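Dear colleague,

Please find below the structure that I am handing over to you, followed by an account of what was found in it. I would ask you to keep the model open while you read.

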Amino acid sequence: MSDAGDDRALWAELFDIAVPPAEAERETRRRGLFSRFKESLTKPRQAISPQLAGVFAPGLITRETWDELEEALIGADCGMDASLALVDALRDAAQQGRIVNRSEIAAGLANAVTLQMTPEPPRIPIGAKPTVILVVGVNGSGKTTTVGKLAHRLSELGQQVVIGAADTFRAAAIDQLAIWADRSGAQLVRQGPGADPGAVAFDAVVSGSARGADVVLIDTAGRLQTQHNLMEELRKVHAVVGKAAADAPHETLLVLDATTGQNGLSQARLFGEAVPLTGVIVTKLDGSAKGGIAVAINRELGLPVKLIGVGEKLEDLQPFDAAAYAQAIFASGDAG
Ligand code: GDP
C-alpha cells in the first residue's frame, strides 16, 4: 500500500471506523510509521544516544551498566518511576538469562518501553453521533493546529465535522480555525472574540447534532488572567458540553508540548484536576531533547498517549504507536 494509503488506514483504525487489520498488515504499517518516526525524531534520539551507546557497547553487563542506563533514561525525561521500572525489568531479564550481553539490552529496552506503555494502538472511537472531542492545553502547545489536523483527517475519511472555536480569547485562534475548516470542508461554529466559551461549545454540539455530524471538535482557551480562571472556565465548558449531548464530551484530550519536559507534567496534573482527561497528545517531539516525556506522561498520569506531533506539516500528527516510538528513540546508540 502507498504511504498515503497506509496513513489513511492508520487513522481509520484510530477512529475505530475500520475493521482491525490482520497482524501482518499491522506490522507493515508499523514499519512505515517506524521509518517516519526515526526520520523525524532525530533530535531526541541524538540527545540520548551517546549514553545508550555506552550501555550497548560490547562487553559484560555490570552494575555500572544498569546505573548508566538509569541515568540515560532519567536524563531523557522518562521520569524516575518509569526509569527504575524499566531498569528493573531488564535486570530481571538478564538474571533469567534472557539478556546475555550488553548489545541485547537495546532490543530489550525498546520492548520494555513498549510493554510499559501498552503495545495496543490507542483509539479515539467515533461511534457516538456526534462524538464530541474537547481539546485542552496551554497556549502554544499546538492545540489549534491539532484540531485543524484532526478535522482534515476525519474529513478525508468521509466524516462530517463541526469545529467549535471556543478559544474566544485569541482572535488569531478563531481565524486559524476558519482556514482549517475551509480546507477540510468542516463547519465552523464561532462567535466574536471575547464571547462566552461555554456558549460557543454548546452551540457547536447542538449544531453538530442538528446536522447529523459525525464529530464535533472543540478548541479551548489556554490562557486567561489567572490559572484559577482558566481551570474554572474549562470546567464550565466541560459541563456545558455535557448538557448539550448525553455522555459528551466523549474524549477530552490534553495537548502537551514535549519541549516543556517536567513542566508539562505539572500542567497535565492541573488540567486533570479540572476536567477528566481521556488521553494526551504530545506535540513537538521532533524538537525535544527529552524524548522520554511520553513514557513519563503515561506512567505518572496513567493516561494513554493517543497522538504525537513530530513536525509542523499536516502528516506530522500521527497516531501513537508505542513500538515504533520505542524503536525510534531507545533502540540504538546510533545518533543517525
Ligand atoms: P495553541 O496556542 O495551543 O493553539 O498552539 P498552535 O496550534 O497555534 O501551535 C503553536 C505552534 O506550534 C505553531 O507554530 C505550530 O505549527 C507548532 N507545532 C504544533 N505541533 C508541532 C509539532 O509537533 N512539531 C513542531 N515542530 N511544531 C509544532
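Between domain 1 and domain 2 there is a count of 1 salt bridge, a term that stands for a side-chain nitrogen of Lys or Arg within 4 Å of a carboxyl oxygen of Asp or Glu. Side chains of opposite charge can pair when their charged atoms come close. Asp-81 and Arg-299 form a salt bridge through their side chains, at 3.2 Å from N to O.

Before going further, please note that this is a predicted model, in which local features need pLDDT of at least 70 and side-chain atom pairs count only at pLDDT 80 or more, while totals for chains, interfaces and linings use all residues. Residues are numbered from 1 along each chain as its sequence is written, and side-chain values use heavy atoms, with hydrogens and water left out.

The two domains

The domain assignment gives domain 1 as 42-117 and domain 2 as 131-320; such bounds come from an automatic or database domain assignment. Taken over C-alpha atoms, the centres of domain 1 and domain 2 are separated by 34 Å. In the interface, 16 residues of domain 1 are in contact with 19 residues of domain 2, where contact means heavy atoms within 4.5 Å.

How much area do domain 1 and domain 2 bury between them? The value is about 1400 Å², with 57% of it on carbon and sulfur atoms. Buried area here is the accessible area (1.4 Å probe) that two parts lose on being put together, summed over both. Pro-44, Asp-77 and Met-117 supply 44% of the area that domain 1 buries against domain 2, more than any other three residues.

The rule also finds 5 residue pairs in polar contact across the interface of domain 1 and domain 2, both residues being at pLDDT 80 or more. A polar contact is a pair of N or O atoms within 3.5 Å; within protein, one must be able to donate a hydrogen and the other to accept it, and residues adjacent in sequence count only if both atoms are side-chain atoms. On the side of domain 1 that touches domain 2, α3 (42-56), α5 (80-95) and α6 (104-116) each supply at least two residues. Helices (H or I, at least four residues) and strands (E, at least two) are DSSP runs, numbered from the N terminus. The most is given by α5, with 5 residues. By class, this side of domain 1 has 10 nonpolar, 3 polar and 3 charged residues. Ala, Val, Leu, Ile, Met, Phe, Trp, Tyr, Cys and Pro count as nonpolar, Asp, Glu, Lys and Arg as charged, and the others, Gly among them, as polar.

Salt bridges in the model

By the salt-bridge rule the count comes to 17. One of these joins the side chains of Asp-7 and Arg-153 at 3.0 Å, N to O. This pair links distant parts of the chain, with Asp-7 in helix α1 (residues 3-14) and Arg-153 in helix α7 (residues 143-156), 146 residues apart. Both Asp-7 and Arg-153 are buried; buried means under 20% relative accessible area, exposed over 50%, and partly exposed in between (1.4 Å probe, protein chains only).

A further salt bridge joins the side chains of Arg-123 and Glu-13 at 3.8 Å, N to O. Arg-123 is in the loop between α6 and β1 (131-136), whereas Glu-13 is in helix α1, 110 residues apart. Arg-123 counts as partly exposed because its relative accessibility is 23%, and Glu-13 counts as buried because its value is 6%.

Two individual residues

Where is Ser-83 found? Ser-83 lies in helix α5, and it counts as buried because its relative accessibility is 0%. Leaving aside neighbours within four places in sequence, Ser-83 is in contact with Glu-70, Leu-73, Ile-74 and Cys-78.

Lys-306 lies in strand β7 (residues 305-309). Is Lys-306 buried or exposed? Lys-306 is buried, because its relative accessible area is 7%. The side chains of Lys-306 and Glu-251 are joined by a polar contact of 3.1 Å. Leaving aside neighbours within four places in sequence, the residues in contact with Lys-306 include Leu-14, Pro-122, Arg-123 and Glu-251.

Yours sincerely
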